[in-house]
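I opened the model to go through its charged pairs, its nonpolar packing and its sheet. My notes follow in the order I looked things up.

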Amino acid sequence: MTTDRKTKVDMPAISLDDRSREVFRRIVETYLESGEPLGSRNLSRLLPMSLSPASVRNVMSDLEELGLIYAPHISAGRLPTESGLRFFVDAYMQIGDLAEGERAEIERQMGGIGSGQPVETLLDEASQMLSGMSRGAGLVMTSKSDTVLKHVEFIRLEPTKALAVLVGEHNQVENRIIDLPAGTTSSQLTAAANFLNAHLNGQTLPELKSVLTRLKDRVRHELDQLSQDLVGRGLALWSGSNEDGNPGRLIVRGRANLLEGVADAADIDRLRMLFDDLEKKDSLIELINLAESGSGVRIFIGSENKLFSLSGSSLVVAPYRDGDNQVVGAVGVIGPTRLNYARVVPMVDYTAHLLSRLSSRR
């Protein structure tokens with residue numbers, strides 16, 4: 001497993017002695033475990049070496065000057081800064097492999113998905129599984145892929161609507177309801193479908209659309225005006241025209257996990273901003289870019305991730321690939337900065353590899 005951890009703000013090289021390292025480690029681990037600041041008196045009892053509360057406060061003062069910890073309130077204990085969390089993740093955190101039971105659980109939840117099921121089912125299961133196992137919000141995103149067509153059919157539902165059935169080369173089926181031009185007859189539906197099927201030759205819909213544009217004059221002779229309109233409507237809908245601005249699919253599960261234990265008004269506002277960010281369609285491609293720009297799992301802590309910087313959240317994300325080893329999506333976990341990174345990183349990494357394996361079979 002590889003990790004690529006990017007720091008937004010360049011930090012000076014930091015070297016801590018044994019005392020400072022142990023104090024810093026305890027503060028961070030307490031924060032990751034409970035979210036609470038750790039005071040000098042309690043900290044002095046936890047340390048393996050003998051240090052008085054006064055000596056611990058002196059060490060804390062040094063760590064504050066380095067920008068690694070801070071006091072949220074006067075006379076309070078200390079919490080790690082974002083820079084401190086980054087330093088801890090890069091310098092001290094031990095990232096192992098998944099426990100055998102966790103690996104088996106991921107395989108159980110994901111491995112039972114058949115290749116004939118829609119890709120949304122695969123993505124939804126992955127997102128739901130990550131949410132349940134990480135106690136964060138599981139996030140899976142895929143870019144819009146263009147299916148190679150095998151068969152097209154139009155089925156009338158009512159006088160002004162029809163079901164457009166799209167069958168891909170691997171027998172995946174996509175259904176779209178389209179509005180029919182006024183006066184469309186059943187014979188025109190059949191003629192439009194026959195025309196499209198006659199021109200299918202291992203092409204995606206955008207490719208087919210380009211071919212038909214070049215054959216425009218011939219199309220006019222082969223199809224009447226209504227059938228031409230029908231073909232145009234079907235192609236525009238199927239080829240995923242960017243009229244809705246949606247470049248892919250985003251599935252997020254486990255948002256309720258982020259609300260657990262939240263009572264402070266500032267935290268509620270932070271989560272509201274996070275949810276707003278997740279709804280922005282332009283964030284979808286950005287997520288894939290974040291994952292693709294480095295190999296393996298990437299960790300973004302707080303403001304390092306410009307996508308969710310205002311909400312102060314952390315993102316652990318990895319790309320997954322298709323059978324041609326091309327990045328087609330991203331999988332990850334988003335949550336508060338006190339995510340259990342040591343556990344979440346191998347979980348995201350394994351899920352990304354499993355999604356790649358399943359995607360390559362489709």
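I started with Arg-343, which counts as partly exposed at 29% relative accessibility. This is a predicted model, and I read everything below with that in mind. I looked up the partner of Arg-343 and found Glu-102, in a salt bridge whose closest N and O atoms are 2.7 Å apart. Glu-102 lies in helix 5 (residues 100–111) and Arg-343 in helix 13, so the pair ties together parts that are 241 residues apart in sequence. Is Glu-102 buried or exposed? I noted a relative accessible area of 19% for Glu-102, and since buried means under 20%, Glu-102 counts as buried.

I then checked Arg-357 and found its side chain in a salt bridge with that of Glu-107, at 3.3 Å from N to O. This pair also links distant parts of the chain, with Arg-357 in helix 13 and Glu-107 in helix 5, 250 residues apart. Arg-357 is partly exposed, at 38% relative accessible area. Glu-107 is partly exposed too, at 27%.

I went to Arg-25 and found a salt bridge to Glu-29, with the closest N and O atoms 2.9 Å apart. Why are these two separated by about one helical turn? They are four residues apart in helix 1 (residues 18–34), which accounts for the spacing. I recorded Arg-25 as partly exposed at 24% relative accessibility and Glu-29 as partly exposed at 33%. I also noted a network of salt bridges that links Glu-22, Arg-25, Arg-26 and Glu-29. For the whole structure I wrote down eleven salt bridges.

I asked which residues have the most contacts inside the largest nonpolar core. They are Phe-24, Ile-106, Met-110, Val-316 and Tyr-341, in a core of 55 residues. Helix 13 (residues 341–360) gives the most to this core, with ten residues. I took Tyr-341 for a closer look and left aside its neighbours within four places in sequence. Its contacts are Leu-32, Val-89, Met-93, Ile-299, Ile-301, Ser-314, Val-316, Pro-336 and Pro-346. I also found a second, separate core of 13 residues, which includes Phe-154, Ala-162, Leu-166 and Ala-192. As background I noted that nonpolar side chains tend to be buried together in soluble globular proteins.

I looked up an open sheet of three strands, in the order 5-6-7 with antiparallel pairing. Which strands are at the edges? They are strand 5 (149–158) and strand 7 (173–179), each of which pairs on one side only. I put down an average twist of 20° from one strand to the next.

I then followed the pairing of strand 5 with strand 6 (residues 161–168), where eight bridges join the two antiparallel strands. Within this pairing I marked Ile-155, which stands opposite Leu-163 in strand 6. Helix 7 (residues 186–199) packs on the sheet and touches strand 5 and strand 6. I noted that the direction of helix 7 makes about 170° with that of strand 5.

Conventions: Residues are numbered from 1 along each chain as its sequence is written. This is a predicted model: local features need pLDDT of at least 70, side-chain atom pairs count only at pLDDT 80 or more; totals for chains, interfaces and linings use all residues. Side-chain values use heavy atoms; hydrogens and water are left out. A nonpolar core is a set of buried Ala, Val, Leu, Ile, Met, Phe, Trp, Tyr and Cys residues joined through side-chain atoms within 4.5 Å. Buried means under 20% relative accessible area, exposed over 50%, partly exposed in between (1.4 Å probe, protein chains only). Contact means heavy atoms within 4.5 Å. Two strands pair if DSSP finds at least two bridges between them. Axes are lines fitted to C-alpha atoms, for helices over the stretch in contact, and angles run from 0 to 180 degrees between N-to-C directions. A salt bridge is a side-chain nitrogen of Lys or Arg within 4 Å of a carboxyl oxygen of Asp or Glu.
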